[in-house]
Each structure stands twice: as C-alpha cells, then as structure tokens.
Amino acid sequence: MKHFFFSLKPRERFMALAALLVAALLWSTSAWTRVRGGWDDWRALEVTALDQKAWLAKQTEVRNATALAVQGLDSGHGYDQAKLVAEAVNATKEAGLNANTESPKTTKGGKFAIHSLQMSCRKADLASVLRFYESVKSRAPYLAIGNLSMTVDRGSAGTVTLKATITALELLGELPPGVKPAGTEPESK
C-alpha cells in the first residue's frame, strides 16, 4: 500500500489523502450520532426508572385513595354496554333530543370495565342540551359525559349539533377486601 501511495503523482496523493480524510470525517460523525443516541436513550430510561420508583413509593397512598373511591360503588349497580345504551337513549328522550349512537367500546382493567358510547344529536336547542346534561349528572358516578362538543347549525337559529361521549363504569366481581359498599355500617366487635 505504501509503494502504491508513493508511486502516485503529488496531485493524486493529495486527492487520496483528501478522500481518506472525508471518509474518516463521515465515519466519525456517524459514530458520534450513534453514541449520542445511545446516551439519550440511556438518560430517558433513567428518567423513566425514577418516575416508576416514585409511583412505587406512593403505592400505599394510591391503594388507600382507590379504596376510598371504590367505597361509594356497589357491585351490580354499574352499567354494562346494553344498560349504557338504554340509559343514554333515555337521557336524550327525557331532554327532548333525538340521538344517533355508535356501538359502545369497552376497556377492562382489574375490577373495572369502562364502556364508552359516541352519540350525536342534530338540531338541539340549548335548553334541551342542559336538560340532557342534568339527566346524565343525576346518574353519576356510574355514568358521565366525557367529551362534549357543540357546533352551531347553519340556517337554524338557536340550534346546535351536539356530539358527546357517554362513559359508564361497571364494577366487575366483588369489592376488594376491607372496602365496604355504600350504605353499610362497619361491623362492631
């Protein structure tokens, strides 16, 4: 290789050195990018680990808050998918609205199932929307309005198109140990 390099003309030697320098520069920037990416990933993992440690340190606090929140819930009083649709349609009829609904979607986690129903009402007046809101509010904590949006209808004075997500909570199985259902007194010894 040495013999070949010195057999070149000075101009060719300079160009070969320049090409070698460019190749080394490209390789080093690529290596630096990989090292920097690895460092950033490592720092992100450290931050995630610290966040998880903080949540694990709050485990008893979270369990106590969950037990307190679940105390007001009774097994069997939540709404499954069929009850959710029936209650949402009843709430719209009570308010004087005509609703179009999609099929509900369910998310299960632990002892809870959360059912979500997308619905829309066209040409609704604001008084009916408020009656609908109050009707759903009276069914809390098992039924709630998630996302609510209203757009003004063109050409119809004072009417809106209502789009809402109605969310229902269903308690699956029995309450966790140590949690009393609403309305029951603790046992005296």
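Contact here means heavy atoms within 4.5 Å. With that in hand, among contacts between residues at least 6 apart in sequence, 66% join residues at least 24 apart. This is a predicted model, where local features need pLDDT of at least 70, side-chain atom pairs count only at pLDDT 80 or more, and totals for chains, interfaces and linings use all residues. Residues are numbered from 1 along each chain as its sequence is written, and side-chain values use heavy atoms, with hydrogens and water left out.

**Overall layout**
- You get five helices and five strands, taken as DSSP runs (helices are H or I, at least four residues; strands are E, at least two) numbered from the N terminus.
- Starting at the N terminus, the order is α-α-α-α-β-β-β-α-β-β.
- Of the chain's 189 residues, 22% count as buried (under 20% relative accessible area, with exposed over 50% and partly exposed in between; 1.4 Å probe, protein chains only).

**The largest nonpolar core**
- A nonpolar core is a set of buried Ala, Val, Leu, Ile, Met, Phe, Trp, Tyr and Cys residues joined through side-chain atoms within 4.5 Å.
- The largest one has 20 residues, and those touching the most other members are Leu 84, Leu 97, Met 119, Phe 132, Leu 143, Leu 162 and Ile 166.
- H4 (81-95), E3 (112-125), H5 (126-137) and E5 (159-171) each supply at least two residues of this core, with E5 giving the most, at five.
- Setting aside neighbours within four places in sequence, Leu 84 has contacts that include Tyr 79, Pro 104, Leu 143 and Ile 166.

**Around Asn 100**
- Asn 100 sits in strand E1 (residues 99-101) and counts as partly exposed because its relative accessibility is 49%.
- Not counting residues up to four places away in sequence, Asn 100 touches Gln 118, Met 119 and Ser 120.
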